[in-house]
Amino acid sequence: PSSIPFSHSCSARLGSMEAINYVATPIKNFGKESIRLVKRCTKPDRREFNKIAIRTGGGFVVMGFIGFFVKLIFIPINN
């Protein structure tokens, strides 16, 4: 490194700092935006929670019936 002029080694350091900032800035912005989102979120009230739970349970039941009927159709085909 002693044979490299000062200006080249200094510019190499600046280039590496720019590269670090290029990676670090989006990560920092993502963190700030995530914290902002979590602070704005509210806990659902009981009515909203029940609505979500019922619809999720209904989705499980529908997917279960679809899986059951597909299995029912493919049992005779495979035998």
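I started with Ile-77 and asked myself: is Ile-77 buried or exposed? In this predicted model, Ile-77 has 57% relative accessibility, so I put it down as exposed, the cut-off being over 50%.

Next I looked up where Ile-77 sits. I found it in helix H2, which covers residues 46-78.

Then I checked which patch Ile-77 belongs to. I noted a nonpolar surface patch of about 690 Å², and Ile-77 is one of its residues.

On to the rings. How many aromatic pairs does the count come to? I got two. Phe-65 and Phe-69 make a stacked pair, with 6.3 Å centre to centre and 20° between the planes. The 20° is why I call the pair stacked, since that label needs planes under 30 degrees apart.

I looked up the placement of these two as well. Phe-65 and Phe-69 both lie in helix H2, four residues apart, or about one turn of the helix.

Phe-68 and Phe-69 form an edge-to-face pair, at 5.4 Å centre to centre and 65° between the planes. Here the angle is over 60, so the label edge-to-face applies. I noted that ring pairs link Phe-65, Phe-68 and Phe-69 into a cluster.

How accessible are the ring residues? I read 49% relative accessibility for Phe-65, so it counts as partly exposed. Phe-68 has a relative accessible area of 47% and is partly exposed.

Last, I stepped back to the whole chain. I counted two helices and zero strands in the protein chain. What share of the 79 residues is buried? I got 0%. The accessible surface comes to about 7800 Å², and I noted that 69% of it belongs to carbon and sulfur atoms.

Conventions:
Residues are numbered from 1 along each chain as its sequence is written. This is a predicted model: local features need pLDDT of at least 70, side-chain atom pairs count only at pLDDT 80 or more; totals for chains, interfaces and linings use all residues. Side-chain values use heavy atoms; hydrogens and water are left out. Patches are made of residues with over 30% relative accessible area and no salt bridge: like charges are joined within 9 Å, nonpolar side chains (Val, Leu, Ile, Met, Phe, Trp, Tyr) within 5 Å. Accessible areas come from the Shrake-Rupley method with a 1.4 Å probe; for residues, only the protein chains shown count as cover. A salt bridge is a side-chain nitrogen of Lys or Arg within 4 Å of a carboxyl oxygen of Asp or Glu. Buried means under 20% relative accessible area, exposed over 50%, partly exposed in between (1.4 Å probe, protein chains only). Rings of Phe, Tyr and Trp (its six-membered ring) pair if their centres lie within 6.5 Å; planes under 30 degrees apart count as stacked, over 60 as edge-to-face and the rest as tilted.
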